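Grab the viewer and work through them one step at a time.

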Amino acid sequence: KTVMFNDTSQENFLASYAKIVEKLKKRRFLRKPNYGEAVVEFSTLISHLKRAGDHQFVAFCCLACARCHQAQHTYPQQALELHNSGTIFWDTAIDESCLDITDFEENVEQAIHCYMVAINIYTTMKKNSLASALYHEMGTCLKYLRRFKEAATEFRKSAEVQQTESAISAINSLSEAFACSIECDQFGDAFKDLQWIVKLSTEEGYETNSQFFADKKVEALVSLTFTLLLLNDLPQARLILQLIKREHSLQPIGDTTEIYFTNEWFFLLMEEVILAFEGNNAEELDRMHGELHTTLTPIQNRLYMLVIEGCQPLVRRV
């Protein structure tokens, strides 16, 4: 949590910090600075600061440890300390945003810098899972701060790194990117996110014959239909609906996707939705939402409401 530092705690921290740094600066003849000893001393200081609740000072000490590890070429430890420091900067930024403190942006920039350096280290070391995890964490924090466009970008970077190692993780990241794109009305980007999900689900579905990927593919196609309505591309929306029907016909008997394929009424209603949108009939769309909303996912219901808003205002009910 964010704490307000009093003058005494700040003076004590600066004195302790300066003492460790000064020892590093004292070069003995033909001897390099003792970075290992400095790391131990910084770690001890970190323990004291954590107990005192001075978390932002902890972040500065983690950065100092990261620089020591860099000098020692112990890059995994450097990345870990950068991650620790960045996490504290994220927490501070989120706390300050909740308190409506206007300078929390500085902590966001510090957090992003720490994470990006750590990501570069993990990428160089070919630790893709760790790099993608940090991208995903950045996206999550930016989403919480309602910086949706930036968050979507980080989620996509996470998916790009993940897709060769874990299609499931990549799809989850793309789902987050899609949700963020909807929140900032970037429907073109949302369309691309869904296309990517369909592609990954199709490829993995063929290789694994997993129902999970079949379900994710259909879920993305349904979302694509609504997204295309928001993009006013009705012909393409109808083509996607036909593709969903084709997916239905390819499902083995008794193995159908329960979310959407329980009854033929789903396809009939979706066709009516497209017709109602084409006719700018918000009243009819609202009525059909009453029948569809329990079938749709939360983000699909959000899309549907945006589709209704795209039509003329509803006539006030008596």
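**Exercise 1.** Work out which parts of the chain the salt bridge between K143 and E176 ties together.

*Solution.* Start with the contact: the side chains of K143 and E176 form a salt bridge at 2.8 Å, N to O (a side-chain nitrogen of Lys or Arg within 4 Å of a carboxyl oxygen of Asp or Glu). Helices here are DSSP runs of H or I, at least four residues, numbered from the N terminus.

A quick note on the source: this is a predicted model, where local features need pLDDT of at least 70, side-chain atom pairs count only at pLDDT 80 or more, and totals for chains, interfaces and linings use all residues. Residues are numbered from 1 along each chain as its sequence is written, and side-chain values use heavy atoms, leaving out hydrogens and water.

**Exercise 2.** Decide whether E154 is buried or exposed.

*Solution.* First, the cut-offs: buried is under 20% relative accessible area, exposed over 50%, partly exposed in between (1.4 Å probe, protein chains only). E154 has 11%, so E154 counts as buried. Its salt-bridge partner at 3.8 Å, N to O, is K157, which is partly exposed at 30%.

**Exercise 3.** Find where R238 and E278 lie.

*Solution.* Their side chains meet in a salt bridge (2.8 Å, N to O). R238 is in helix α11 (residues 234–250) and E278 in helix α12 (residues 265–278), 40 residues apart.

Methods: Helix = DSSP H or I, 4+ residues; strand = E, 2+ residues; numbered from the N terminus.
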